[in-house]
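Dear colleague,

I am passing on the structure below, and after it you will find some notes on side-chain contacts. Please read them with the structure open.

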Amino acid sequence: MTEFKSDLLRRLEERGYIHQVTDPEALDALAAASIVPGYIGFDATAPSLHVGSLVQIMMLRRLQQAGHKPIVLMGGGTSKIGDPSFKDEARKLLSAEAIDANIASIKRVFERFLSFGNGPTDAVMVDNADWLDKLEYIPFLREIGQHFSVNRMLSFDSVKLRLDREQSLSFLEFNYMILQGYDFLELSRRAGCRLQLGGSDQWGNIVNGIELARRVDGAQVYGVTTPLITTADGGKMGKTAQGAVWLNADQLAPYDYWQFWRNTQDGDVGRFLRLFTDLPLDEIERLERLGGAEINDAKKILADEATAMAHGEEAAMAAAETAKATFEQGGTGEALPTLQVEGSTTLVDAMVGLGLVASKNEARRLIAQGGARIDGRPIGEDAPIAVTCDVRISAGKKKHGLLTPAP
């Protein structure tokens with residue numbers, strides 16, 4: 001482990017955030033001597049970010065905890081193009097209205113993780129549409145385009161992967177890395193930004209921005225990337241059979257968010273506690289030494305801490321109590337997903353309506369395999385499929401919901 005002098009890089013290193021750093025000695029000296037404004041960009045391609053973006057949000061939180069200034073850059077401009085990095089195909093183009101609506105929805109998440117204001121280390125949120133939408137094409141090509149080598153751009157993994165697979169990469173997408181580099185230049189000018197943070201797939205884009213700022217303005221800026229966060233079995237963090245794990249409560253109930261963390265694999269508990277909670281490192285070391293059934297206690301702490309950070313202490317406590325009532329005491333729990341019905345409905349429709357399965361076909365397969373339960377009783381393929389209100393429906397061992405009477 002590198003011996004850093006600054007609290008910022010030491011904190012990032014100790015908790016496992018660092019994959020690559022440009023000029024680490026100079027950045028370490030700068031962070032030890034002054035407040036460093038640093039940014040991460042988030043494109044607004046959906047109404048909510050998902051847990052795959054959480055390590056980046058936590059990086060901004062660590063930046064602020066170390067006494068520096070987080071800049072949340074919303075991609076109102078770049079979202080009109082879409083980042084091609086490691087995507088098999090182009091993103092669907094969104095309207096300006098849809099992007100604005102997504103940004104308004106996403107903003108609520110950051111207020112849980114960062115302290116915003118006008119102070120020197122308070123977080124700020126900016127939108128790159130403020131400068132990208134105003135660019136004139138020919139002047140932009142003359143001023144900025146001359147500093148980008150197509151040969152080098154073609155060598156970046158994010159581009160090379162698409163080309164090697166003979167998958168189409170539009171000129172529109174190819175421009176994305178130029179615009180992202182220009183974002184760093186603009187933030188350097190507008191906000192004195194000295195640091196860009198991002199995932200390892202953004203390394204080429206970050207280096208582009210660093211070199212552009214140096215060539216155009218002679219500015220010394222830096223970059224830090226995080227490793228790809230995978231699970232102990234090699235899977236991608238945040239990808240589940242049920243779909244994305246959204247950060248907004250209106251996209252995913254806090255109870256389901258709590259359950260996602262509670263279901264962490266044993267081998268990931270310590271690492272996720274470092275990355276996604278504020279627990280002290282000595283406490284995390286104690287928890288990851290737990291063995292056998294006791295590791296479940298560490299998982300509950302992880303779920304409590306992560307849910308409280310994203311949704312508040314009250315939501316975390318309600319989720320924990322619901323889980324306890326459902327799994328340990330055989331109760332129903334108040335925070336489970338609910339579906340209001342008049343009279344009765346089919347088990348298949350109830351499972352779909354509660355969000356326990358993605359489709360009716362999936363519900364029928366689960367019922368046929370004996371994986372569906374009503375109030376804890378297994379329901380076989382030949383059992384009656386009409387269900388009434390005031391019952392608990394289960395899909396497998398970990399997904400539950402309640403049927404309640406319509407008002």
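**Salt bridges and aromatic pairs**

Glu-186 and Arg-189 join through their side chains in a salt bridge, at 3.9 Å from N to O (a salt bridge being a side-chain nitrogen of Lys or Arg within 4 Å of a carboxyl oxygen of Asp or Glu). This is a predicted model, in which local features need pLDDT of at least 70 and side-chain atom pairs count only at pLDDT 80 or more, while totals for chains, interfaces and linings use all residues. Residues are numbered from 1 along each chain as its sequence is written, and side-chain values use heavy atoms, with hydrogens and water left out.

Glu-186 and Arg-189 lie three residues apart in helix 10 (residues 176-191), about one turn of the helix; helices here are DSSP runs of H or I with at least four residues, strands are runs of E with at least two, and both are numbered from the N terminus. Glu-186 is buried, at 9% relative accessible area, whereas Arg-189, at 38%, is partly exposed (buried means under 20% relative accessible area, exposed over 50%, and partly exposed in between, with a 1.4 Å probe and protein chains only).

Turning to the rings, the whole structure has eight aromatic pairs, where rings of Phe, Tyr and Trp (its six-membered ring) pair if their centres lie within 6.5 Å, with planes under 30 degrees apart counted as stacked, over 60 as edge-to-face and the rest as tilted. In one of them, Trp-261 and Phe-276 have ring centres 5.1 Å apart and planes at 50°, so the pair is tilted.

Best wishes
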